[in-house]
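Hi there,

Here is the structure I promised to pass on. Have a look at it first, and my notes follow below.

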Amino acid sequence: MVQRTNGHTVSEMTAHIVWSTKYRYKILQGDIKVRCRSLLIQICEAEDVIIQKGVVSSDHIHMHINYRPSQNISELVKKFKGRTSRKLQQEFPALGKKYWGRHFWAIGFGCWSSGNITDEMVDAYLEHHRKPNDQDESNFILE
């Protein structure tokens, strides 16, 4: 658990993100796999993102990250995909045979928020604020 503090905020924002190679080619092998991991680590260090756990598979990436609330997941993934694509294709010219359009990663990504409490726990906590004789059954409670 990594809580981040700033002058005005305390947060623990975590997400599980996944993206794949274009055409799901199993191209992340050997030196390319190792270099891809090192590039992602460098990007995360530069962007103040903490990698809680990650996996470089032969055709996709999984990352469980901790990020600041001011950061946008879409922008982070754009940086991950863009910078790794450019550097890998520069450093491994043979990739150009498979990726002639210079697009290394497939379009899109998957993202799931994660954390140390469940939705049910949050709802129960908020429901606790409803007065016992409150007849209003709205999901937005007036305390």
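To start with a question: which residues does serine 11 touch, not counting residues up to four places away in sequence? They are Val2, Gln3, Arg4 and Pro69. Serine 11 sits in strand 2, which covers residues 10–11, and it is buried, with a relative accessible area of 10%. Please keep in mind that this is a predicted model.

Now the overall picture. The protein has 4 helices and 6 strands, and from the N terminus on they come in the order β-β-β-α-β-β-α-α-β-α. The radius of gyration is 20 Å, well over the 15 Å that the globule rule gives for 143 residues, so the protein is more spread out than a compact globule. Along the principal axes, the C-alpha trace spans about 70 × 35 × 20 Å.

A few totals may be handy for you. Of the 143 residues, 34% count as buried. The accessible surface comes to about 9,800 Å², and carbon and sulfur atoms account for 54% of it. If we take contacts between residues at least 6 apart in sequence, 66% of them join residues at least 24 apart. As for charges, there are 20 positive and 16 negative ones, and their mean positions lie 18 Å apart.

The largest nonpolar core holds 27 residues, and the members that touch the most others are Leu28, Ile61, Met63 and Phe80. At least two residues of this core come from each of strand 3 (13–20), helix 1 (30–47), strand 5 (60–67) and helix 2 (73–91). Helix 1 gives the largest share, 6 residues.

Leaving aside neighbours within four places in sequence, its contacts are Ile17, Val18, Trp19, Leu28, Cys36, Leu40, Val55, Val56 and Trp105.

One of those partners, leucine 40, lies in helix 1. Is leucine 40 buried or exposed? At 3% relative accessibility, it counts as buried, because the cut-off for that is under 20%. Not counting residues up to four places away in sequence, leucine 40 touches Trp19, Ile51, Ile61, Met63, Phe80 and Thr84. Its C-alpha atom is separated by 17 Å from that of glycine 110, which is 70 residues away along the chain.

Best wishes

Note on methods. Residues are numbered from 1 along each chain as its sequence is written. This is a predicted model: local features need pLDDT of at least 70, side-chain atom pairs count only at pLDDT 80 or more; totals for chains, interfaces and linings use all residues. Side-chain values use heavy atoms; hydrogens and water are left out. The radius of gyration is taken over C-alpha atoms; the globule rule is 2.2 Å times the number of residues to the power 0.38. Buried means under 20% relative accessible area, exposed over 50%, partly exposed in between (1.4 Å probe, protein chains only). Contact means heavy atoms within 4.5 Å. Accessible areas come from the Shrake-Rupley method with a 1.4 Å probe; for residues, only the protein chains shown count as cover. Lys and Arg count as positive and Asp and Glu as negative; His and the chain ends are not counted. The place of a charge is taken as NZ of Lys, CZ of Arg, CG of Asp or CD of Glu. A nonpolar core is a set of buried Ala, Val, Leu, Ile, Met, Phe, Trp, Tyr and Cys residues joined through side-chain atoms within 4.5 Å.
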